[in-house]
Amino acid sequence: QPARKPRGRQFFANPGPTNIPDSVLLATAHHTMDFNDPHFIEVYDACIAGLKRILKTQQNIFLYTGSGHAAWEASFVNLLSPGDTVLILESGYFSISWAKMAADLGVEVQTVPADWRRGVDMGAVQAALAADKSHVIKAVCVVHNETATGMMIPVNEVRAAMDAAGHPALLLADTISSLGSLDFRMDEWGVDAAVGGSQKGLMLPTGMSFTGVSDKAMEAHKTSRLPKHYFNWTNMLARPHKSFVGTVPISFFYGLQEALRLIEQEEGLENVFARHHRLGNAVRAAVQHWSGNNGPQLFCLNPSRYSDSVTAVLMPEGINADELRGVALKRYNVSLGGGLGPLGGKVFRIGHLGDLNEPMILGTLATVELAMKTAGVPHTPGGVDAAIAALAD
Ligand code: PLP
């Protein structure tokens, strides 16, 4: 039996991919063009300039047809040599996955361990760097917004810890679930490689990723010896678009042009951040209310690091988050994110990034509360009222 498609629109509350605005969807449906056509080059150049404004950089940018993993890999293979060491700041599933990639590529991994609910201690970052007297650490890697735990790690504080330790390593920041949702300042924060993807705050389909690259990183690239070809920035610079070793995925750029128009012209980047903060606050208010009566609670225990793009919700002991997600999806057609790695079954995640407004978030919260009631999950009813109060405040 094929699955019956429920009536009404699905509420998609995953933290990425995210909802795509209709105008972006329509813009991507562009007829095929030669990617060297001057009309396309104009769109392409405008998109690169827009991406640089969102990254807040005036430096280089390279793009890849591939999801965020491609940009992760590009940042390593272009900057490192076999046996180099990277310092990974543990934040959760995505920091660990990036570390595994480094190890698979033949790079040594040193980690600053952290409690996933409180986040890395900047004193420990500074101490690890200060202890590296011979500067074997070539890059410090931080996930700006850990999508698995709902925590934002302040990249400016990582930069400050590096400077305080007087360490010359490159700073690599994953902005995959922060860019276009939370403020990110590549140049001001001294980020040498900023990794981003299409399918979250930029509200595009999955499949294009990019790295902002500082001049210091371009110097390091010249001597890096990890094998690379498609991802090789030198190969890219020789191409007409100074990116994309193969065919340029033109439809992404028509979509990106429209997404940038929505973000920068229609709403304004600062207003986009404010909307994410407002919606994030509403979700947190609901979860904090539910947490009474032994209900689910915010996974993140560090209010100064709450993520405005995703909230991870920790289930009461012994109650499986995936069962609740199953009820939300199968009975009510609301798609929630699941727990990743060791948090599988223990947390569910509400994405509140991208093309999202108050009714969408309230609808999701009301349905989570309904699903908790249906599934017999203990909680204090009234989380939606708490979210409404937060929104009205
Ligand atoms: N880094 C972060 C913070 C992410 O949230 C994700 C995906 O959700 C990735 C990396 C991996 O990106 P992708 O799934 O696009 O390859």
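## Domain division

Domain bounds here come from an automatic or database domain assignment. On that basis the chain has a domain 1, made of 11-18 + 268-392, and a domain 2, made of 31-264. The C-alpha centres of domain 1 and domain 2 are 28 Å apart.

The structure is a predicted model, in which local features need pLDDT of at least 70, side-chain atom pairs count only at pLDDT 80 or more, and totals for chains, interfaces and linings use all residues. Residues are numbered from 1 along each chain as its sequence is written.

## Contact between the domains

Two residues are taken to be in contact if their C-beta atoms, placed from the backbone, lie within 7 Å. By this criterion 28 residues of domain 1 touch 27 residues of domain 2. Helices (H or I, at least four residues) and strands (E, at least two) are DSSP runs, numbered from the N terminus. On the side of domain 1 that touches domain 2, the elements giving two or more residues are α10 (269-290) and β12 (310-314). The most comes from α10, with four residues.

For residue classes, Ala, Val, Leu, Ile, Met, Phe, Trp, Tyr, Cys and Pro count as nonpolar, Asp, Glu, Lys and Arg as charged, and the others, Gly among them, as polar. The side of domain 1 that touches domain 2 comprises 14 nonpolar, 10 polar and four charged residues.

## Annotated region

The unreviewed UniProt entry carries the annotation "domain: Aminotransferase class V" over residues 16-289. UniProt positions are given in the numbering used here, feature names are shortened, and annotations may be inferred rather than shown by experiment. Within residues 16-289 the chain is 44% helix and 16% strand, and the end C-alpha atoms lie 25 Å apart.

Axes are lines fitted to C-alpha atoms, for helices over the stretch in contact, and angles run from 0 to 180 degrees between N-to-C directions. Helix α12 (residues 358-375) packs with helix α13 (residues 383-392) at an angle of about 160°, their axes being 9 Å apart. α12 is therefore roughly antiparallel to α13 (angles under 35 degrees count as roughly parallel, over 145 as roughly antiparallel, 65 to 115 as roughly perpendicular and the rest as oblique). The crossing of α12 and α13 is right-handed; a crossing is left-handed if the near helix is turned anticlockwise from the far one by less than a right angle, and right-handed if clockwise. E358, L362, L365, A366 and E369 of α12 meet G383, V384, A387, I388 and L391 of α13. This contact of α12 with α13 has seven nonpolar, one polar and two charged residues.

Helix α11 (residues 321-332) packs with α12 at about 110°, with axes 9 Å apart, so the two helices α11 and α12 are roughly perpendicular to each other. α11 passes α12 in a right-handed crossing. The contact involves E323, L324, V327, A328, R331 and Y332 in α11, and T367, V368, L370, A371, M372, T374 and A375 in α12. Of the residues in the contact of α11 with α12, nine are nonpolar, two polar and two charged.

## Packing of α10 with α13

α10 and α13 pack at about 145°, with their axes 7 Å apart, and their crossing is right-handed. On α10 the contact is made by R278, N281, A282, V283, A285, A286, V287, H289 and W290, and on α13 by G383, V384, A386, A387, A389, A390 and L391. The contact of α10 with α13 contains 12 nonpolar, three polar and one charged residues.

## Backbone details

G16 and P17 are joined by a cis peptide bond, with omega about 5°. P17 sits in the loop between β1 (11-13) and α1 (22-28).

K56, a residue other than glycine, has a positive phi, near 55°. K56 is placed in the loop between α2 (38-55) and β2 (60-65).
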